[in-house]
Amino acid sequence: MASIGKDYSKLKEVSDCFTEETLKNILNTVHNGKEINVLSWNFGEANAKGDNYLSTVNKIKVTGTIDGRQVEVNIVVKSLPKNVGRRKTYRSSEFFQNEIAFYTKVIPKFEKFLKEKNQIKVLCIPRHLASVMDGENDYIALEDVTVLGYEPIARQSCLDYDQCMMILKAIARFHAISFAYKDQQKEEFIEIAESLHETYFSAEHWNWYKRFNERLVDIAKNALTVEYPFSKAEKKFNAYKASDLFRKASELCDRKYKPTSVIVQGDSWIPNFMARKTEENEALILDFQLARCASPVLDLSTFIYSCIDKTIWNDKFDTLLKFYHTELCSTINLLGSNPENLYPWNTFMNEINEQFIYGLIFSLEVIPMSLLDGNDVFDLDLIKDDNAVDIADVWTLANIKSESGRIKLASIIIHAVQKGFL
């Protein structure tokens, strides 16, 4: 452990609002009692350089007593970077605002709904324990699920078929909660959807994303030119400008009030899932800074294209879609609604054909990022002063060096063209 005891300076490093009283309240939330004392807090090793662009992440073990009984709680705390330039560069406070709204406005409603159905296990996310949102001292404290046996999946990993199905099941169950809740409590659903704001793909963010987005498109064009020169996919993709693709993604994200729009995670690539081995195998979904209300196809397409090896989605694309939809429908039914009325197969497939392009667009960023090794990851604290810089000057991505990496990216575009998505 990096620090032991009651080191108040460590708490202050997280946030001025992250105090011993915060830890006391967390102990009480988890264990519930009348007389609560905090004995110590121990900080684990900080997260690796570049693992979290928008936040600083700490693991903390809190030890205390409740009604004379010694207890421990392990938490993960995400907080705003202390480097003000980094904070402004990455618009960190906006992403924190969205994720905290998700945990404090959306999830309590979902939890109440699921408890009434006696189906709380359907909600496969870490437990929210505390948060503050004021634009300066923001943090969010969640249960450390590694204590429950969940493990992260390395971002360079290729998921096997069983892992793919495990995560697809978690995504489907998460989406099903929205469908059922929206069906049974529509006004309240609209209210919680209003609490979420688009943090990535919208016209107001184009200038922030423009140069980096253009670089991503150039990297994809290079991968196609090197690996599949003069192909139909290269010709088709080269006809698009970066702004065209960004505009398309923005349109798909701006569907908050469509009948089939639900709360989606928004950033469904490998680091945002954890898994544990049980009889069924279980996955948890993490990180809701890009959460929005839109078609479930946005999460599905991102996961399939960016996280699953092409040998699986090339051969079993229809199987993956069918598995997701079957799991979605069975969970909607479990929660007391009729899936045939809410998201029948033909409606789902229409949205696949119309919106699966989103997975390609988001993969233009995810794939090059996922191919970075520890030596290539960006040191965000190189931002020296309190002024924002262009993200393209920090996220300095080069053309993909490996043949396998280029094929991985180019194959997504080829598949999208073959399917008529692009």
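1. Asn118 lies in the loop between α4 and β4 (128–132). Its phi is near 60°, a positive value in a residue other than glycine. Asn118 is also exposed, with a relative accessible area of 68%. As with everything below, this comes from a predicted model.

2. Is Phe230 buried or exposed? With a relative accessible area of 80%, Phe230 counts as exposed.

3. Arg91 is found in the loop between α3 (84–89) and α4 (92–116). Its relative accessibility is 10%, and the cut-off for buried is under 20%, so Arg91 counts as buried. Leaving aside neighbours within four places in sequence, Arg91 is in contact with Thr199, His205 and Trp208. With His205 there is a polar contact between the two side chains, at 3.2 Å.

4. Arg91 also has a charged partner. It forms a salt bridge with Glu94, and the closest N and O atoms of the pair are 3.1 Å apart. In general, side chains of opposite charge can pair when their charged atoms come close.

5. The model holds 19 salt bridges. One of them joins the side chains of Lys210 and Glu214, with 3.1 Å from N to O. How far apart are Lys210 and Glu214 in helix α7? They are 4 residues apart in this helix (residues 206–227), which means a separation of about one helical turn. Lys210 is partly exposed at 32% relative accessibility, and Glu214 is partly exposed at 30%.

6. Asp393 and Arg211 form another salt bridge, their closest N and O atoms being 2.9 Å apart. This pair links distant parts of the chain. Asp393 lies in the loop between α14 (357–370) and α15 (403–419), while Arg211 belongs to helix α7, and 182 residues separate the two. Both ends are partly exposed: Asp393 has a relative accessible area of 47%, and Arg211 has a relative accessibility of 40%.

7. Next, a sheet. Three strands make an open sheet in the order β6-β8-β9, and the pairing is antiparallel. Which strands are at the edges? They are β6 (151–152) and β9 (282–285), each of which pairs on one side only. Between β6 and strand β8 (residues 273–276) the antiparallel pairing runs over 2 bridges. Within this pairing, Pro152 stands opposite Met274 in β8.

8. A helix covers part of this sheet's surroundings: α5 (residues 161–184) packs on the sheet and touches β8 and β9. The direction of α5 makes about 55° with that of β9.

9. The largest nonpolar core has 128 residues. Phe102, Phe237, Ile263, Phe303, Ile304 and Leu360 touch the most other members. Which element gives the most to this core? It is α5, with 14 residues.

10. Not counting residues up to four places away in sequence, Phe237 touches Val217, Ala220, Lys221, Leu224, Leu245, Leu360, Leu364, Ile413 and Leu422. One of these, Leu360, is itself named with Phe237 among the core residues that touch the most other members. There is also a second, separate core of 22 residues, and its members include Leu23, Val38, Leu129 and Ala141.

Terms used:
Residues are numbered from 1 along each chain as its sequence is written. This is a predicted model: local features need pLDDT of at least 70, side-chain atom pairs count only at pLDDT 80 or more; totals for chains, interfaces and linings use all residues. Side-chain values use heavy atoms; hydrogens and water are left out. A salt bridge is a side-chain nitrogen of Lys or Arg within 4 Å of a carboxyl oxygen of Asp or Glu. Buried means under 20% relative accessible area, exposed over 50%, partly exposed in between (1.4 Å probe, protein chains only). Two strands pair if DSSP finds at least two bridges between them. Contact means heavy atoms within 4.5 Å. Axes are lines fitted to C-alpha atoms, for helices over the stretch in contact, and angles run from 0 to 180 degrees between N-to-C directions. A polar contact is a pair of N or O atoms within 3.5 Å; within protein, one must be able to donate a hydrogen and the other to accept it, and residues adjacent in sequence count only if both atoms are side-chain atoms. A nonpolar core is a set of buried Ala, Val, Leu, Ile, Met, Phe, Trp, Tyr and Cys residues joined through side-chain atoms within 4.5 Å.
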